[in-house]
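Biologist: Thanks for sitting down with me. Could you take me through this model, one topic at a time?

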Amino acid sequence: MCGIVGVVSSAPVNQLIYDSLLLMQHRGQDAAGIATLDGRSFYMHKANGMVRDVFRTRNMRGLLGRAGIGQVRYPTAGSASSEEEAQPFYVNAPFGLILAHNGNLTNCDALRLDMFHRDRRHINTGSDTEVLLNVLADELERSTTGLALDADSVFRAVSGVHRRVQGSYAVVSLIAGFGLLAFRDPLGIRPLCVGSRETPAGKEWMVASESVALEGTGFAFERDLAPGEAVLMKLDGDIATRQCAEAPSLNPCMFEYVYLARPDSCIDGVPVYNARLRMGDYLAEKIRREIPAGEIDVVMPIPDSSRPAAMQVANKLGVPYREGFFKNRYVGRTFIMPGQAVRKKSVRQKLNAMGVEFKGKSVLIVDDSIVRGTTSSEIVQMARDAGATKVIFASAAPPVRFPNVYGIDMPTRGELVAAGRTDEEVRNLIGADYLIYQDVEDLKRAVRDVNPALQDFDASCFDGKYITGDIGAEYLDALETMRMSSQAQADRNGTQDMECSRLHLQAAHQD
């Protein structure tokens, strides 16, 4: 999961991209980067950390130009958390390209070998974004051999990318001296939308992962890019679009509606807030079927993403809604924090239970999902410590039983609390008196109720159906091996850092 943005403007874009990334900070807290284009010259700054920490005044002053792209990142399946992996990425030929993307390439290893043996291109990092950039560069070079760079050649290059690349990808890319290119994978897994605004100097354009980035910066949302579609925004103000895939189909990621996206965003014709309300409606029906009447005194959400569903559950059940958990907004989202120990520690730093709302009550807690179970078990214990006589836990999403390989960091089956376990076994692990999960079909129905035109989804983490057709046990095993190796290295680095700190303090004490 990442957030990307691209802008072509009549004025400098550095502040505009910075503001857009702040609006999408929820999509990634590991690293941030901005690249701008001034004529034929690129300017870029990227580093690990939150947007507000990565960019200082001196960095912003160096980002010149009236076109640019930006990204907030968190590591996807098997990737490292290092500054070398921060986006955007740059390649000097052909023309000069800079690219950022949101998603995950499932045939990345094969492409990497192909780049080396066939195209003689060296990939310097473990990032699939660098691979994707080089595939685009190679296709653009092929489409312009002996020809001038124009919109047709750019769109031919994107078609070549679609033929070679598998997985999920929403892309923004700058072409030196030419403009901004954005495109979406043929299955429409990851979101990308376009907006515009009128200025005295002419029309300005923005593409972004979520509509909230457009609306929060004064752009009017126009539409979502279609699966496989590319849009080219030239520096002279011209804009062109083309369908570049042979058989596109729309399969938006269901986890966007459950958890990833901001509730005030609209993705593929679905206001996320409305979808979450409908999830609450269907969840309430299941709770009514499975929990005896009179067992629930109050309904409480885990702030913030489960709040709409919890409100609807309370409304449908006719039970009081209460805010019993309060959130420290200066602690990151625990789902996207690397490392189980860090996630577990941050839960109680992030949430506090107010005893007066729990004491002597049977409490129904509604969360958006249960992934690893760490947060859920801590929350159940917090409710009991605060005086709850009974804790009923409900998830607005179905059990996450399978790894997501399309850009969400849950690659190992062993990390998923519901993988290989019954609902009763999960209930025992998190310590709840009852556990209610949303049904998969009800989740899909909740989104379709808001936009009936949506028929298919990527719900692979719930139903195990990988729509790219190239994911099997061998792929998942390789991911798990890679992840365990990366985690072991991170643990070794952490131990070394602690030892260095101990020696430093010891030396300072001796001095």
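Biologist: Which residues touch the most other members in the largest nonpolar core?

Modeller: This is a predicted model, so numbering runs from 1 along each chain as its sequence is written, and local features need pLDDT of at least 70, side-chain atom pairs count only at pLDDT 80 or more, while totals for chains, interfaces and linings use all residues. Side-chain values use heavy atoms, with hydrogens and water left out. A nonpolar core is a set of buried Ala, Val, Leu, Ile, Met, Phe, Trp, Tyr and Cys residues joined through side-chain atoms within 4.5 Å, where buried means under 20% relative accessible area with a 1.4 Å probe, protein chains only. Of the 39 residues in the largest one, those touching the most other members are Met254, Phe255, Tyr257, Met279, Val405, Val447 and Phe462.

Biologist: Which helix gives the largest share of this core?

Modeller: Helices here are DSSP runs of H or I with at least four residues, strands are runs of E with at least two, and both are numbered from the N terminus. Two or more core residues come from each of helix 8 (254-260), helix 9 (272-290), helix 15 (440-450), helix 16 (460-463) and helix 17 (473-510). The largest share, 6 residues, belongs to helix 8.

Biologist: And what is valine 447 in contact with, leaving aside neighbours within four places in sequence?

Modeller: Contact means heavy atoms within 4.5 Å. By that rule, valine 447 meets Met254, Tyr257, Val270, Ala275, Met279, Leu454 and Phe457.

Biologist: How many residues are in the second, separate core?

Modeller: Leu111, Leu133, Leu140 and Leu232 are included in this second core. Its count of residues is 32.

Biologist: Which residue stands opposite cysteine 2 in strand 4?

Modeller: Strand 1 (residues 2-8) and strand 4 (residues 67-73) are antiparallel partners over 7 bridges. Opposite cysteine 2 is arginine 73.

Biologist: Which residue in the turn between strand 12 and strand 13 has a positive phi?

Modeller: Strand 12 (residues 229-234) pairs with strand 13 (residues 239-243) over 5 bridges, antiparallel, and glutamate 229 has glutamine 243 as its bridge partner. The two strands form a hairpin with 4 residues between them. The residue with a positive phi, about 100°, is glycine 237.

Conventions
Pairing = 2+ DSSP bridges. Buried < 20%, exposed > 50% of the residue type's maximum accessible area, 1.4 Å probe, protein only.
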